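Here are a few notes to go with the model below. Keep it open while you read and find each spot as we get to it.

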Amino acid sequence: MKGLVIKNTGSGYKVRTENGTIYDCKIKGNFRIKGIKSTNPIAVGDWVEFNDASLISQIYDRKNYIVRKPANLSKQSHIIAANIDQVLLVVTLKNPETPLAFIDRFLVSAEAYNVPTVILINKTDLLNEPYEQEYLKAFIYLYESIGYTCISATLVQDIPEQLLTILRGKNTLLSGNSGVGKSTLINALIPDAQAKVAEISSAHHKGMHTTTFSEMYDIDANSHLIDTPGIKGFGLIDMKMNEVSHYFREIFKKSASCKYYNCTHRNEPGCAVKAAVTAHEIAESRYQNYLSILEDLNEGKYR
């Protein structure tokens, strides 16, 4: 039988057939040794083949997928989701503050796997001070000028119509740090989802993990959200140093004017990217996060 993986339960998978029946499935014993260097060879969003004993024997070809490097297994990837149309990256500028380094690393990985990303800025009602409002404007200007859609929201009060339009008819991966409001969004869109919502840690102003395993939720028959556990860091994988600049859109665009075709935009003479940073045409934060990724690759952190 053929079915869609809608939940990773830790010990197995919930698989929904095309007629709507849900089965609790497991992987056949020899499945893990077929050259898949991943902590989870099957991901939510995969179409699979399984038998009457509910054993999965085959993954159908994926349209795409997105991965990250796990915190404790340097040589294996972790597939976050498969066959997705877009990512909704939920961030907050306060309580907790999402680091720009995390945002940029996530965007780079999404670019590498050719998955469009929309940035949802939640909890904007907490930005009461003038300097906080200015930071919000600067944040939106930065990422919209690069080409990313940004939506401001206060999800506990209202779901923006723009967001509903973007989600309609799409298979969307929902991601972001813990505590940014992913579960709140799911509960607002799908009242019977009953996604767990936790308070922010008052001691550290960071989110506490409430989602343990990935799961697909149906907004309607043609619109789906894949919720993922909140992630504290985002390690890139399967990326070469000379490829990184390709996934920073504005850096890649400027690199066409560099003196050397293999310019790494660090110390080379005639670097158009460094000149653009000096001229404030490329944000210093984006450039520094680019250099940080290069440094990590150089130290072998993502190999």
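1. Start with a charge and a ring: lysine 2 lies over the face of tryptophan 47, 5.3 Å from the ring centre. Bear in mind that this is a predicted model. There is a second case to look up, where arginine 249 has its charged end over the ring of tyrosine 148, 4.1 Å from the centre.

2. Next, rings with rings. How many aromatic pairs are there? The count comes to six. Take phenylalanine 248 and tyrosine 290: the ring centres are 5.7 Å apart and the planes sit at 80°, so this pair is edge-to-face. Phenylalanine 248 is in the loop between strand 13 (223-227) and helix 5 (249-255), while tyrosine 290 is in helix 7, so the pair ties together parts 42 residues apart in sequence. Both residues are buried.

3. Most residues other than glycine have a negative phi, and most peptide bonds are trans. Asparagine 83 isn't a glycine, yet its phi is positive, about 55°. You'll find asparagine 83 in the loop between strand 7 (78-82) and strand 8. Histidine 280, also not a glycine, has a positive phi of about 65°, and lies in the loop between helix 6 (272-278) and helix 7 (284-298).

4. Buried or exposed: which is asparagine 83? Asparagine 83 is buried, at 12% relative accessible area. Histidine 280 is exposed, at 72%.

5. Last, check the bond between asparagine 95 and proline 96: this peptide bond is cis, with omega about 0°. Proline 96 is in the loop between strand 8 (86-92) and helix 1 (100-112).

How values were computed:
Residues are numbered from 1 along each chain as its sequence is written. This is a predicted model: local features need pLDDT of at least 70, side-chain atom pairs count only at pLDDT 80 or more; totals for chains, interfaces and linings use all residues. Side-chain values use heavy atoms; hydrogens and water are left out. Helices (H or I, at least four residues) and strands (E, at least two) are DSSP runs, numbered from the N terminus. Buried means under 20% relative accessible area, exposed over 50%, partly exposed in between (1.4 Å probe, protein chains only). Rings of Phe, Tyr and Trp (its six-membered ring) pair if their centres lie within 6.5 Å; planes under 30 degrees apart count as stacked, over 60 as edge-to-face and the rest as tilted. A charge sits over a ring if NZ of Lys or CZ of Arg is within 6 Å of the ring centre and within 35 degrees of the ring normal.
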